[in-house]
Amino acid sequence: MSSLLVTGGAGFIGSNFVRYWSKAFPRDRIVGLDLLTYPGNPANLADVASLPAVRCVRADIRDGAAIESLMRTEGTDIMVSFAAESHVDRSIEGLDAFISTNVVGTHTLPATARKLWLVERSVPPHRFQHVSTDEVYGSLGQEDAAFVESTAYAPNSPYSARKAASDHLVRAYHHTYGLDVTTSNCSNNYGPFHFPEKLIPLMITNVLRGLALPVYGDGRNVRDWLHVRDHCRAIKLVLRSGVPGEVYNVGGGAECQNIWLVQKVCSPIDAAFLADASLRERFPSAPAAQGRESASLITYVADRPRHDRRYPIDCRKIETRLRYRATVTLESGLRETIDWFVANQSWWCAVLDGSCKSFRFEQ
């Protein structure tokens, strides 16, 4: 039986991981820790917060005393670090929060873990799993080979530069102090509880509200898409079988242009309105409620500064060594995600108007 501390536990990926792990290993203790800044939503954990093995705590990853107290109380032997400022546009507009959380916060976590796990030897075997992004590798051309774990870092945005710094810090804690560390670099995630400023949930919620679907530049930027459930399963494999000090790329095997993806979001929504007349009453502003195609809302907007063209990711290492395979196809994952957002209108409306409330996090 293990005791996990999951930072960023009320965010999109973190909350899905808490939910996934609590079902897969119901005897394990889990603390979902989150500062509850704009992407951290208590409602994301409402369905698991009442489980006796799950504890939800509001705290700052930069607060070493709070982290240490939690780890001592819970006997934490596994830490999974999701907590990070993660939106590229926000990083361009304001750098300070990204430096503070993604660099200072990431230093606090392994520093505290080292004190308890290595200096005091408070628990026997331990594991610090650091969750990073493919954006640290930079950008590639259409015909370039995909990123591998040994690809040199070349971050282009303030967000990816700060993530790269955190990756190097975690690596240093392993090589200098012997902390049992693994790192995963994932491609773009999507799925339930996805914050509506990101591409896929933004397109879904904008269609349902009859708002423009903004597409950067020519829409031909390419990303690989990973369903969050596959990502959670990959992290499980890394935690249970990953080699300390190693890095594992995690992708969904679904590389496509942004404009193609947006069109793939529109078509199932149109089909859903044709199949279910009640949707026209629930979402009267949607084009499909008025007999128009959702794709009519697509609007090309000025590109973001230094917009990375393509993030291809090579997953052969985790596939061959840990037997990982992405099981959710992009087509089925998009349908599932659209269905979730249609069924959970109250959740995303609360997120969009800033009134997200569900249960009280421990302070």
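This is a predicted model: local features need pLDDT of at least 70, side-chain atom pairs count only at pLDDT 80 or more; totals for chains, interfaces and linings use all residues.
I take buried to mean under 20% relative accessible area and exposed to mean over 50%, with partly exposed in between, for a 1.4 Å probe and protein chains only.

I number residues from 1 along each chain as its sequence is written, and my side-chain values use heavy atoms, with hydrogens and water left out.

**Entry 1: two positive phi values**

I began with backbone angles, where most residues other than glycine have a negative phi. Leu36 is not a glycine, yet I find a positive phi of about 60 degrees there. I place Leu36 in the loop between β2 (29-34) and β3 (54-58), taking helices (H or I, at least four residues) and strands (E, at least two) as DSSP runs numbered from the N terminus. Is Leu36 buried or exposed? Leu36 has a relative accessible area of 18% and therefore counts as buried.

Arg323, also a residue other than glycine, has a positive phi near 60 degrees, and I find Arg323 in the loop between α10 (316-322) and α11. Because its relative accessibility is 75%, Arg323 counts as exposed. Leaving aside neighbours within four places in sequence, I note that Arg323 is in contact with Leu237 and Ile318, where contact means heavy atoms within 4.5 Å. I also looked up Glu293, which is 30 residues from Arg323 in sequence and 41 Å away in space, C-alpha to C-alpha.

**Entry 2: helix α12**

Which residues of helix α12 (residues 345-353) are buried? I find Trp347, Trp348, Ala350 and Val351. These residues lie on the same side of α12 because they cover an arc of only 155 degrees around the axis, the arc being that of the directions from the helix axis to the C-beta atoms. On the other side of α12, I see Ser346 and Asp353 exposed. The buried residues of α12 pack against α6 (199-209) and α11 (330-343).

I call angles under 35 degrees roughly parallel, over 145 roughly antiparallel, 65 to 115 roughly perpendicular and the rest oblique.

The axes of α1 (residues 12-24) and α7 (residues 228-241) come within 9 Å and cross at roughly 65 degrees, which means that α1 is roughly perpendicular to α7. In α1 the contact is made by Phe12, Ile13, Asn16, Phe17, Tyr20 and Trp21, and in α7 by Val228, His231, Cys232, Arg233, Ile235, Lys236 and Leu239.

For α8 (residues 258-275) and α11, I find axes that come within 10 Å and cross at roughly 55 degrees, so α8 is oblique to α11. Trp260, Leu261, Lys264, Val265, Pro268 and Ile269 of α8 meet Leu330, Leu334 and Ile338 of α11.

Methods
Axes are lines fitted to C-alpha atoms, for helices over the stretch in contact, and angles run from 0 to 180 degrees between N-to-C directions.
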